[in-house]
Amino acid sequence: MFDWLANPNRFNRITEKIQPYILLIAIITLISGLYFSLFDSPKDYQQGDAVRIMYVHVPSAWLASFLYFSLAISCVFYLVWKHPLADLVSSSMAPIGALFSALTLVTGSLWGKPMWGTWWVWDARLTSMLVLFFFYLGYILLSNAFERKIDGSKTASVLAIVGLINLPIVKFSVDWWHTLHQPASIIKIGGPSIDDKMLLPLILMIFALSFFSLYMIILNVKTKLIEKKCEALLLKSNLEEMSKIG
Amino acid sequence: MNPKFRRLFITIIIILTLGLATKLILMALEDNIVYFYTPNDLIVKFGDTQNIQNKIRIGGLVLESSIKKEDEKTIFIITDKKKEVKVVFDGPLPDLFREGQGVVAEGIFKNSNFIASEVLAKHDENYMPPEVADALKKNNIWKDGSD
């Protein structure tokens with residue numbers, strides 16, 4: 001099954017068809033999501049208008065975690081089944097995930113100052129999120145740190161899998177320990193503890209960022225496939241050149 | 001065993017081992033990871049507040065009608081509904097600071113008073129418009145934000 005999925009030509013053919021729809025969904029959900037989050041959703045009873053930071057902060061945090069999970073699983077496929085496309089997929093996800101974890105940290109900081117009274121504290125949730133960001137950076141640095149690309153890919157994949165341990169810590173830190181960060185509002189026992197009018201823009205924004213990420217990942221993978229093809233062609237023409245001279 | 005399954009097996013073993021190691025490390029470091037103690041935690045852990053010399057953080061709810069202003073100082077009581085700690089603080093309070101609000105105070109104990117050097121507000125996981133909050137309060141189905 002994975003062989004079927006991992007065929008670059010088939011990947012190109014399928015994504016060619018679905019890409020416009022992905023982009024369309026991303027644009028529609030982003031526009032409606034931003035409209036609802038900025039103009040047509042109520043103030044919070046405690047936080048007032050500052051609650052609107054949530055509509056960027058929470059989707060970014062989800063995406064940062066979800067993309068890391070996908071990246072690490074893709075690395076498992078690369079290490080175990082040795083599919084070159086799996087490596088392209090993980091390295092295409094890394095910058096997007098890094099961006100979202102940075103966005104989570106920045107928006108969280110901007111939200112923390114007016115609400116908590118501090119930009120940053122070293123509590124378990126904030127620290128584990130910072131660690132997630134560093135795992136992304138580590139993956140990107142390591143995969144480019146070797147002379148032979150394949151060595152970089154392998155080492156970085158091992159690092160990504162090790163970083164998987166951090167994900168449950170990010171998610172459950174607010175339940176396991178006392179933290180300044182509040183516990184989960186949406187995925188929790190007893191259903192969401194967030195008003196429906198606030199849940200709507202939040203879910204729209206989660207869809208928007210997810211489809212945006214999917215679109216960017218496909219675009220990244222395609223670019224990398226073309227790059228590889230170019231390298232192969234260049235190598236081939238160089239060899240022909242040499243054989244002519246020789 | 002074919003090489004694919006061997007690699008998969010090794011990967012799974014590595015994840016499990018690292019997971020276990022991480023769990024043990026986190027258990028050992030629990031005291032450093034916990035961001036604050038509740039007043040009841042303090043008694044359970046240290047017995048008496050006299051025994052606490054170092055800077056620590058305590059968290060809980062600001063007790064109803066316990067906030068007093070004395071010169072520049074704000075004096076209030078942090079409670080977890082079991083035990084209480086009296087906090088003295090002179091500094092800027094966060095906007096969310098009010099009666100019944102979750103707060104975290106950092107400071108040291110002096111004669112059973114807690115001299116705070118920083119007070120942060122904590123908010124809970126409930127998000128709702130003010131009208132809904134009012135309606136809940138009116139109908140007495142408001143649940144207090146103690147966790």
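This is a predicted model: local features need pLDDT of at least 70, side-chain atom pairs count only at pLDDT 80 or more; totals for chains, interfaces and linings use all residues.
Local features are reported at pLDDT of at least 70 and side-chain atom pairs at pLDDT 80 or more, whereas totals for chains, interfaces and linings use all residues. Residues are numbered from 1 along each chain as its sequence is written, and chains are lettered from A and ligands numbered from 1 in the order in which they are written.

Chain B contains four helices and six strands; helices (H or I, at least four residues) and strands (E, at least two) are DSSP runs numbered from the N terminus. Read from that end, the order of elements is α-α-α-β-β-β-β-β-β-α.

The overall dimensions come next. The C-alpha trace of chain B spans about 75 × 45 × 25 Å along its principal axes. Its radius of gyration is 22 Å, while a compact globule of 147 residues would have a value near 15 Å; the radius is taken over C-alpha atoms, and the globule rule is 2.2 Å times the number of residues to the power 0.38. The domain assignment, which is automatic or from a database, gives domain 1 (1-33) and domain 2 (34-125). The centres of these two domains of chain B, taken over C-alpha atoms, are separated by 39 Å. Of the 147 residues in chain B, 22% are buried; a residue is buried if 20 or more other C-beta atoms lie within 10 Å of its own, exposed if 12 or fewer, and partly exposed in between, with C-beta atoms placed from the backbone.

The contact between the chains takes 30 residues from chain B and 36 residues from chain A, where two residues are in contact if their C-beta atoms, placed from the backbone, lie within 7 Å. On the side of chain B that touches chain A, α1 (3-28), β6 (113-122) and α4 (130-138) each supply at least two residues.

Ser65(B), in the loop between β1 (56-62) and β2 (68-70), has a positive phi of about 45°. Ser65(B) counts as exposed because it has 10 C-beta neighbours inside 10 Å. Ser112(B), in the loop between β5 and β6, has a positive phi of about 65°, and Ser112(B) is exposed, with 10 other C-beta atoms within 10 Å.
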